[in-house]
Amino acid sequence: MNIANIIRGIGNRASGFYPQGLVARVLAPVALAMGASSCQILSDFNTFSPAQDVQMGEQAYGEILAGETTIGSGGQYNQVVRVTQNLVNAAQVVSPDLAGLFKWQVSLIDSPGTVNAFCLPGGKMAVYTGILSVAQSDAGLAVVMGHEIAHALERHGTSAVSKQMVLQYGSVIAAGAILGGEGTDSEMAGMAIALATSLTTLQFGRSAEYEADLVGLEIMARAGYDPREAVGYRQRMDALGGAAGPEWLSTHPSNANRIRQIQEALPGVIPLYEAAR
Ligand SMILES: [Zn+2]
């Protein structure tokens with residue numbers, strides 16, 4: 001199933017793709033949320049089902065990996081598999097329903113210059129080799145991947161795509177109204193490509209990053225990795241930062257603020273770590 005069919009499925013699942021059903025179902029709740037001035041309501045806004053998280057994530061994963069060289073053996077690969085497996089086991093405790101539904105998988109991408117990692121909606125993960133030297137240890141890698149897994153469990157990806165859909169569908173609805181008909185296949189294909197691309201370039205926003213830090217701390221602690229390592233990891237990332245750092249860092253909250261929040265949260269998660277050791 002490709003993204004275009006998934007998007008069509010979303011339309012079919014509700015009361016019709018164009019235009020009234022979508023306006024009522026998608027635009028109205030957003031307007032309501034904005035009217036209520038509640039960031040929390042808006043941050044939880046999501047037009048996708050968890051099963052669609054899995055479908056969209058698998059589709060995007062295939063597209064990403066098709067352009068990369070992966071490593072399937074050796075010490076680094078074994079470390080990545082070991083750490084993520086322990087974290088996924090802990091995720092089953094933190095969020096059993098979603099973690100049980102997700103199709104967890106990890107790849108190691110051979111890219112020494114890329115200091116990055118991700119977990120797509122639905123549990124498909126990748127670690128770029130460039131982040132391993134910043135992680136330095138299993139616990140450091142657990143900081144990285146605990147945070148990324150938290151994004152997936154909190155469904156930040158499809159929540160962000162949902163908000164983009166409101167904007168993109170809004171323009172298609174307008175075009176459809178002018179033409180007096182439904183959107184064309186090329187319009188649909190264009191949206192599908194935009195959505196697939198957005199899954200890999202999403203900026204979740206600061207509140208989502210702070211939330212992922214906290215949930216990630218719990219996941220790593222429950223997996224038996226010392227959550228205090230999150231402070232050292234953030235300091236190392238901070239040292240990479242500024243204009244010389246990877247571009248994606250600039251979309252994140254400041255490391256100083258993140259470290260402050262992590263330190264405040266540590267007393268709550270250290271007992272989980274000590275119980276899990
Ligand atoms: Zn993040």
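Two strands are treated as paired if DSSP finds at least two bridges between them. The model is predicted. On that basis, four strands form an open sheet of mixed pairing, in the order β1-β2-β4-β3.

**Strand sheet**

- Strand β1 (residues 70–71) and strand β2 (residues 105–109) run antiparallel and are joined by two bridges.
- Within this pairing, T70 stands opposite I109 of β2.
- Strand β2 also pairs with strand β4 (residues 124–128); these run parallel and are joined by five bridges.
- Along β4, K124 is the bridge partner of Q105, and V127 stands opposite L108.

**Helix on the sheet**

- Helix α5 (residues 75–94) lies across β1, β2 and β4.
- The direction of α5 is at about 150 degrees to β2.

**Helix pair α11 and α13**

- Helix α11 (residues 206–222) packs with helix α13 (residues 255–276) at an angle of about 20 degrees, and their axes are 8 Å apart.
- Angles under 35 degrees count as roughly parallel, and α11 is therefore roughly parallel to α13.
- The crossing of these two helices, α11 and α13, is right-handed.
- On α11 the contact is made by Y210, D213, L214, L217, E218, A221 and R222; on α13 it is made by R258, Q261, I262, A265, V269, L272, Y273 and A276.
- The residues of this contact between α11 and α13 comprise ten nonpolar, four charged and one polar.

Conventions. Residues numbered from 1 in each chain as written. Predicted model: local features only at pLDDT ≥ 70, side-chain atom pairs only at ≥ 80, totals over all residues. Axes fitted to C-alpha atoms, helices over the stretch in contact; angles between N-to-C directions. Parallel < 35°, antiparallel > 145°, perpendicular 65-115°, else oblique. Left-handed = near helix turned anticlockwise from the far one by under 90°. Contact = placed C-beta atoms within 7 Å. Nonpolar A, V, L, I, M, F, W, Y, C, P; charged D, E, K, R; others polar.
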